[in-house]
Every structure is written in C-alpha cells, then in structure tokens.
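Me: I've got a structure open and I'm new to it. Could you show me how to read a few of its features?

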Amino acid sequence: KDPSFAFFTALPFGLNARQNLAWLQYGGGNELAAELFRDYGIVGFPAGDTGAQMGGWFRNEIKSLDELKGLKFRIAGLAGEIFRKLGAVPTQIAASDIYPSLERGTLDAVEFVGPYDDEKLGFVRVARNYYAPGFWEPGAHLHLLLNQRSFEALPASYKAALEVAANEANGEMLARYDHLNPQALRRLVAAGAQLRFWPRDIMQAAWREAHGLYEEMSGRNERFKKIWNAYRAYRDEEYQWFRVAESSFDNFAFPAAAQTR
C-alpha cells in the first residue's frame, strides 16, 4: 500500500533493534508512524523485535556479485527490489511452500528469519549455505495494529492495558530471540549448515542500490521522503555513536572469546 510502512518494521541498511527502539521512543519515530497509521484507520504500538536477521539459505555458495544473476530467491518487499537490481529474481511464496520449492530446485535460495525460526522449517537439509547478515533486516520491529475506531471506543483503562502489554512484548521478544538463536545456530551447524558471510562486493553493491532506491521513492512519494530524511539523519548519528563504543567492543571481544575456547 505504501513503502513508508517499511520504516516501522525494517529498512535495508537501517537501524538495528536498539537504535530502532530509540528512534521510535525518543527520535520522533512513533509520531511519524502515528501520522501514517491514521491515514489507514489504524493505531499501532511497538510490540517486539527479532534483532538482526540472517541472510538466508542457499543451495550453492555465492562467491561474487555475478553469481546473483538469475538467482531465484524467496525474498519480499524493499529487499526484493534491491536484489532485483542486483540481478536476482525475487519470488514470494508461502512459508509452507518454501521447503519443497528448495528441494525441487524451483528456488535457489530463501530468507526467512533467523536460526530459531529457520530450524523449524528444516532448510538445512536442502540448502546448507547459511548466509549472514540479513542486511535488509538489521532489526525487524513488530507492531500491534488496531482498528482506530474500535480502539478509541475502549475505556481508558483498556487502552492503557493494551499499551502496557505491547510494551512488555517489545522487550520480551528480543530477549527470547537473543537467548534462543545461539542454541539453534549450534544445532544447525551440527546438522551440516555451512555458515557464510556475504562477499564485500555484494554488500557494497547492495548499499548503493538501497540508497538509490530510497532516493527514487522519495521522488515519487512525499511521505516516504519526509520519513526518510528524518530517519537517515537519526540513523547516521546512531551509527557514529555505535562505532565508538559498541562496535569497538564487539569487534575485539567476540573474536577474542572465540580464540580462547
């Protein structure tokens, strides 16, 4: 209906889960969301985040940008548009059809969520190359969406209860994924998953195509342009801060822990 909705779930090369929460609560994100939702007769409350998702399951290893040409990839939304520009063939099919499509070769690859959810669908049995990161979903935020008229008709105490419940879910979901994903990833690797990371030329090309797409959309959609300008300024400032403390810590501590085991 409107690509502007993407800002409030996940934008390729956008904010991660923590940054997204900060933007929504303190950076004007919730106010921009409310403007958009009002036009569709709904109200929304942030109600969860998956954290950074994985890049998907591939039947064959992807070693360069050229190997994306003609790749039949189950991926949707703005991410699908980016991969289309990179030469892939984005395809949308229901979750129940993914496994047989991978098994038959109708699909070459699929992105879903992350280890905990992906494990349940058994992708590792037919597509062992498991890529990271899902740069199109650095933090996929969920909302509880409610019919505006129905919500406004509720007693104040009920409205407050819904808002509090959504806020509780907001923290609970991310904590559960952070707890369950490492365990699931270990099981997937033990089952034969080959953990791989996107080649640099693919990441660089995807970054260029993503930002080119946002400029294109800004030229066609005034609302998208308004949100993108605000979002980008906030994102770039958050990126600078995270480079100073968060990233410098992560880049040292995570490899160091792996080397000392």
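Predicted model: local features only at pLDDT ≥ 70, side-chain atom pairs only at ≥ 80, totals over all residues.

Me: Which residue does the side chain of Asp39 meet in a salt bridge?

Reply: Its partner is Arg223, at 2.6 Å from N to O. To read such a pair, look at where each end sits. Asp39 is in the loop between helix 2 and strand 1, while Arg223 belongs to helix 9, so the pair links parts of the chain 184 residues apart. Arg223 itself is partly exposed, with a relative accessible area of 24%.

Me: What other salt bridge does Arg223 make, and with which side chain?

Reply: The side chain of Asp2 also meets Arg223, at 3.5 Å from N to O. Asp2 lies in the segment before helix 1, so this pair ties together parts 221 residues apart in sequence. Asp2 counts as buried because its relative accessibility is 11%.

Me: How many salt bridges are there in total?

Reply: The count comes to 14. Among them is the one between Lys226 and Glu35, at 3.0 Å from N to O. That pair links helix 9 with helix 2, across 191 residues.

Me: Which residues of helix 3 are buried?

Reply: Leu78, Ala79, Gly80, Ile82 and Phe83 are. Then look at what lies over them: the cover includes strand 3, strand 4 and helix 8. Just after helix 3, Gly87 takes a positive phi of about 105 degrees.

Me: And how do I read empty space?

Reply: Rolling a probe the size of a water molecule over the atoms shows where empty space is left. Here, the largest pocket has a volume of about 1,800 Å³. Its lining has 40 residues, and Asn16, Ala52, Pro133, Pro138 and Asp250 lie nearest the centre.

Me: Which helix gives the most to that lining?

Reply: Helix 7, with six residues. Sorted by class, the lining has 22 nonpolar, twelve polar and six charged residues.

Note on methods:
Residues numbered from 1 in each chain as written. Heavy atoms only, no water. 1 Å grid on protein atoms, 1.4 Å probe; cavity = no way out; pocket = protein on both sides within 12 Å on 5 of 7 lines; lining within 4 Å. Points joined across faces, edges and corners; volume = space filled by probe spheres on them. Helix = DSSP H or I, 4+ residues; strand = E, 2+ residues; numbered from the N terminus. Nonpolar A, V, L, I, M, F, W, Y, C, P; charged D, E, K, R; others polar. Buried < 20%, exposed > 50% of the residue type's maximum accessible area, 1.4 Å probe, protein only. Contact = heavy atoms within 4.5 Å. Salt bridge = Lys/Arg side-chain N within 4 Å of Asp/Glu carboxyl O.
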